[in-house]
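A student would like to learn how to read a protein structure, one feature at a time. Please look through the sequence and the structure before the dialogue begins.

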Amino acid sequence: MNTHAINTHAILAIYKFEMSRTLRTIWQSIVSPVISTSLYFVVFGAAIGSRITEIEGVAYGAFIVPGLIMLMLLTQSTMNASFGIYFPRFTGTIYELLSAPVSSFEIACGYVGAAATKSIILGLIILATSWLFVPLHIAHPFWMLTFLVLTAITFSLFGFIIGIWADGFEQLQIIPLLIITPLTFLGGTFYSTHVLPPFWQTVTLFNPVVYLISGFRWSFFEIADVSPLVSLGMTLVFLCVCLVTIWWIFKTGYRLKK
Amino acid sequence: MEPGLARARTAAYMPVAAPLLLREKSMTSIISINGLSKTYASGFQALKSINLDIKRGEIFALLGPNGAGKTTLIGVICGIVNPTAGTVTVDGHDIAGDYRAARSLIGLVPQELTTDAFETVWATVSFSRGLFGKPKNPAYIEKILKDLSLWDKKDNKIMTLSGGMKRRVLIAKALSHEPQVLFLDEPTAGVDVELRKDMWQVVRDLRASGVTIILTTHYIEEAEDMADRIGVISKGEIILVENKAELMRKLGKKQLTLHLQKPLDAVPAELAAHNLALADDGNELVFTYDTNAERTGVTALLSDLARLNIRFRDLQTTQSSLEDIFIGLVTDRPAASAGVAP
């Protein structure tokens, strides 16, 4: 009916717009997360980590690398994508997006694509940085990249939803700070969930981030809290939930149209 | 005005097939609005079953007091507001079912100066063109920026520009994808005289190239200068659509107020032939006349006053503002006269 062709010019325009925003704010968007993650390596990996015994045959400093990359990936994807779509709502420039001949799919592609790209670049920079601190071996590079890309996309989609839902800058910050960061810390960033008592191990399984970190860590060291296939499956489930939510948002105009 | 601003603008906007299209379709309407209603979640009914046709190639001025529904109506047509009921087609394309085709024909200059503050002028205008699905065309963007006297600001961040310049940027963005229909929502609110002149020149050139223009304004002079037809909207209803000439004749009433040296109890019988009324406890004599009439009767009135030795300290003339006219059009007669009576 109305989808004769995909408006690729629009997707590219949004993507480029968002990427140039990233470059414009390179200190905040690239340098600062890299520095803060490096601090984790210094403190937990080198300083404290040297006094911690190996976890399941992996040196502690190396063990936390996948968890830290995930921590950064989740918070940065969410924050970047949420800010990307919230800012035009806040300033009012969203009028142009709504009046343009673009579909919800194309808008999401542009914003989420840019946010995910940035997160993936960040993830790779942090991975490279971690090599400076700890010896690393990646058992399954393909799966490592797959988890990295899927997680970046999923949480950029999630951030996009937050950016549409948020009614102020405070709400924009609440989800990453009060939900994602705690879930990541409790999801096995710094420890294997196997060290927990059985009851808490079960509770942990309700934390979606456990699956992401576990799968990602498996691609490095072949050790996992849950089966890597379950991790992959759960990641894809989150991805689908986010996609359906975004489809619904644009169908109803929720928080976008009056 | 910047030198060369008005030069050779028309040709650039002229689509290749414009003359043919104009001839074939000049009598058809480019926008058809049928039974359009909008009720907001709060229960406020912003539009009440609007029916309106905009003719291809015309300049249509939509007038109405604040809150009348002008911006909502534009919002629905452009896809920013979801209608509650009714249909709108743009050049035959339904705005919901065939939104891609409909929206690519439309350029919108919003009322608020909403811009991407950190972007450069060039980047933001190029972004708009891409968003509307058009391939890059730096020569065309350059043309628009030059026409709008923005060329020397093309690398400036928008936040460094003045309000008037920002308004030009919004117009450049709206024109970036070569629209067939241009919406200008209060384009001259808070804009200085110079820019207004520039802007109207651009609008005239666009019209000459076959672009249909719909504008909202508070200023009657603007509607008078620019529009072919005028629609008045009030409380969500289109209460009048008329050719400008006809409307101007109706709206051309003017009042001459004479501040008398000595108050009068009543209008003297000798002056009964003039359309006079007393105001301010008899201290003012108000003469209502039609500026478009061959004889306004002002000279006769003044000589009659001199003959009767009615002297006045001061005099002033006032023309009904659009706001007054809206009130006159939308308020019930008893209420309207109650407002005038002392």
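The dialogue below takes up the features in turn, and the model it discusses is predicted.

Q: How many helices and strands does chain A have?
A: One begins with an inventory of secondary structure. Chain A holds 10 helices and 0 strands. Its pattern along the sequence is accordingly written α-α-α-α-α-α-α-α-α-α.

Q: How many helices and strands are there in chain B?
A: The inventory is taken again for the second chain. Chain B contains 13 helices and 14 strands.

Q: What radius of gyration does chain A have, and what would a compact globule have?
A: The general idea is to set the value of a chain beside the value for a globule with that number of residues. For 258 residues, a compact globule would have a radius of gyration near 18 Å, and chain A agrees with this at 19 Å.

Q: What share of the residues is buried in chain A, and what share in chain B?
A: A residue counts as buried when its relative accessible area is under 20%. In chain A, 54% of the 258 residues are buried. In chain B, 47% of the 342 residues count as buried.

Q: What share of the contacts in chain A joins residues at least 24 apart?
A: Here one considers how far apart in sequence the partners of a contact lie. Among contacts in chain A between residues at least 6 apart in sequence, 82% join residues at least 24 apart. In chain B, residues 24 or more positions apart account for 70% of the contacts with a separation of 6 or more.

Q: How many aromatic pairs does the structure hold, and why is the pair of Phe90(A) and Phe169(A) given the name it has?
A: Over all chains there are 21 aromatic pairs. The ring centres of Phe90(A) and Phe169(A) are 4.8 Å apart and the planes meet at 70°, so this pair is edge-to-face; the cut-off for that name is an angle over 60 degrees. The two residues are 79 residues apart, with Phe90(A) in helix α3 and Phe169(A) in helix α7 of chain A. Phe169(A) is partly exposed, at a relative accessible area of 32%. Both residues belong to one aromatic cluster, which includes Phe118(B).

Q: Where in chain B do Trp122(B) and Trp151(B) lie?
A: Trp122(B) and Trp151(B) form an edge-to-face pair, with 6.1 Å from centre to centre and 75° between the planes. Trp122(B) lies in helix α5 of chain B, whereas Trp151(B) lies in the loop between α6 and α7. Trp122(B) is partly exposed at 26% relative accessibility, and Trp151(B) is partly exposed at 27%.

Q: What phi does Glu222(A) have, and what phi does Asp281(B) have?
A: Most residues other than glycine have a negative phi. Glu222(A), which is not a glycine, has a positive phi of about 60°. Its place is in the loop between α9 and α10 of chain A. Asp281(B) is not a glycine either, and has a positive phi of about 55°. Asp281(B) is found in the loop between β12 and β13 of chain B, and is exposed at a relative accessible area of 73%.

Notes: Residues are numbered from 1 along each chain as its sequence is written. Chains are lettered from A and ligands numbered from 1 in the order in which they are written. This is a predicted model: local features need pLDDT of at least 70, side-chain atom pairs count only at pLDDT 80 or more; totals for chains, interfaces and linings use all residues. Side-chain values use heavy atoms; hydrogens and water are left out. Helices (H or I, at least four residues) and strands (E, at least two) are DSSP runs, numbered from the N terminus. The radius of gyration is taken over C-alpha atoms; the globule rule is 2.2 Å times the number of residues to the power 0.38. Buried means under 20% relative accessible area, exposed over 50%, partly exposed in between (1.4 Å probe, protein chains only). Contact means heavy atoms within 4.5 Å. Rings of Phe, Tyr and Trp (its six-membered ring) pair if their centres lie within 6.5 Å; planes under 30 degrees apart count as stacked, over 60 as edge-to-face and the rest as tilted.
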